[in-house]
Amino acid sequence: MQGFIGNFMDGYNVTVCASGQTGAGKTHSLIAPSGSIQKPGGHDLSGAVLDHYGIFPRAVLQLFNQISGKGDVMTLSICQMGGWRYLPMDCVTDKSIFFDDKLLKYVGLQECVLHEASDVIKYMIMLEKKRFAEPTKSNSNSSRTNALIEFKWYRKTDDKFSVQSFRLL
C-alpha cells in the first residue's frame, strides 16, 4: 500500500479493486471486520489507525495526515450499490444517482469536505451502518452491497489546479 500512497502523493490517481467469491474477505480486508468500526472502542476519532482497520481507512487517514495543513481541499464520496434493486445510491444523502455516459461520472454523488481526521472515521461508520448483508450458503453475514469510495485531493501547485483520486471498488 505504501507504493500506492507514494504514487498518489507524486501526482498519480490510484484505484484499488477487490473481487472474489462470497466469504473471501473483501469487506474485511478493505474496510474492517463487519461491525468492528462502530463498536465502542472500535474507532479513534483522533485519526489514529487501529489494528483492525482495513486498507481504505488506513490509506485515507495516512493521506489526510500527510496533506492536512497545506491549505488544500480533501473530499470523500461514497456510492453504494446493493439490495434487491441493485441501484446506485449516495450513502451520504440516501438518494439515487446515475452514471452519465457523456460526462463519464456519477451524477448526484455528494462530495463531503474532510476538515479533520475524525471525518474519515465518521464516514466509515456511516458506510458500515448502511451495509446490506444477508446469509448465504458460504457466509452467515455476507455483504450484498458493492461500494465505490473515492478520496479526492484538490490542490494548487504554482499556478496549476489539479484533482487527484484514490478510489476503492
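A residue is called buried when its relative accessible area is under 20%, exposed when that area is over 50% and partly exposed in between, as computed with a 1.4 Å probe on protein chains only. The legends below describe a predicted model, in which local features need pLDDT of at least 70 and side-chain atom pairs count only at pLDDT 80 or more, while totals for chains, interfaces and linings use all residues. Residues are numbered from 1 along each chain as its sequence is written, and side-chain values use heavy atoms, with hydrogens and water left out.

**View 1. Val-60 in helix H3.** Val-60 lies in helix H3, which spans residues 55–67, where helices (H or I, at least four residues) and strands (E, at least two) are DSSP runs numbered from the N terminus. Val-60 is buried, with a relative accessible area of 0%. Not counting residues up to four places away in sequence, Val-60 touches Val-120 and Phe-151, a contact being heavy atoms within 4.5 Å. From C-alpha to C-alpha, Val-60 and Leu-76 are 9.3 Å apart in space, and in sequence they are 16 residues apart.

**View 2. The whole chain as context.** The chain has 4 helices and 10 strands, which follow one another along the sequence in the pattern α-β-α-α-β-β-β-β-β-α-β-β-β-β. Of its 169 residues, 38% are buried. Among contacts between residues at least 6 apart in sequence, 59% join residues at least 24 apart.

**View 3. The salt bridge between Lys-152 and Glu-111.** A search of the whole structure finds 2 salt bridges, each defined as a side-chain nitrogen of Lys or Arg within 4 Å of a carboxyl oxygen of Asp or Glu. In one of them Lys-152 pairs with Glu-111, with the closest N and O atoms 3.3 Å apart. This pair links distant parts of the chain, since Lys-152 is in strand S9 and Glu-111 is in the loop between S5 and strand S6 (112–113), 41 residues apart. Lys-152 is buried at a relative accessible area of 17%, whereas Glu-111, at 31%, is partly exposed.

**View 4. The salt bridge between Glu-150 and Arg-167.** Glu-150 forms a salt bridge with Arg-167, and their closest N and O atoms are 2.9 Å apart. Glu-150 counts as buried at 10% relative accessibility, while Arg-167 is partly exposed, with a relative accessible area of 28%.

**View 5. The lining of the second largest pocket.** The lining consists of Ser-77, Phe-99, Leu-104, Lys-105, Tyr-106, Leu-109, Glu-111, Leu-148, Glu-150, Lys-152 and Arg-167. By class, 5 of these residues are nonpolar, 1 is polar and 5 are charged. Strand S5 (105–107) and strand S9 (145–157) each supply at least two lining residues, and S9 gives the most, with 3. A pocket here is an open set of points on a 1 Å grid over the protein atoms alone, where a 1.4 Å probe fits, with protein on both sides within 12 Å along at least five of seven lines, and lining residues have an atom within 4 Å of a point.

**View 6. Asp-119 in helix H4.** Asp-119 is placed in helix H4 (residues 117–130). Asp-119 is buried yet has no salt bridge, the nearest side chain of opposite charge being Lys-122, 4.3 Å away. Apart from neighbours within four places in sequence, Asp-119 is in contact with Val-113 and Leu-114.

Technical notes: Ala, Val, Leu, Ile, Met, Phe, Trp, Tyr, Cys and Pro count as nonpolar, Asp, Glu, Lys and Arg as charged, and the others, Gly among them, as polar. Lys and Arg count as positive and Asp and Glu as negative; His and the chain ends are not counted.
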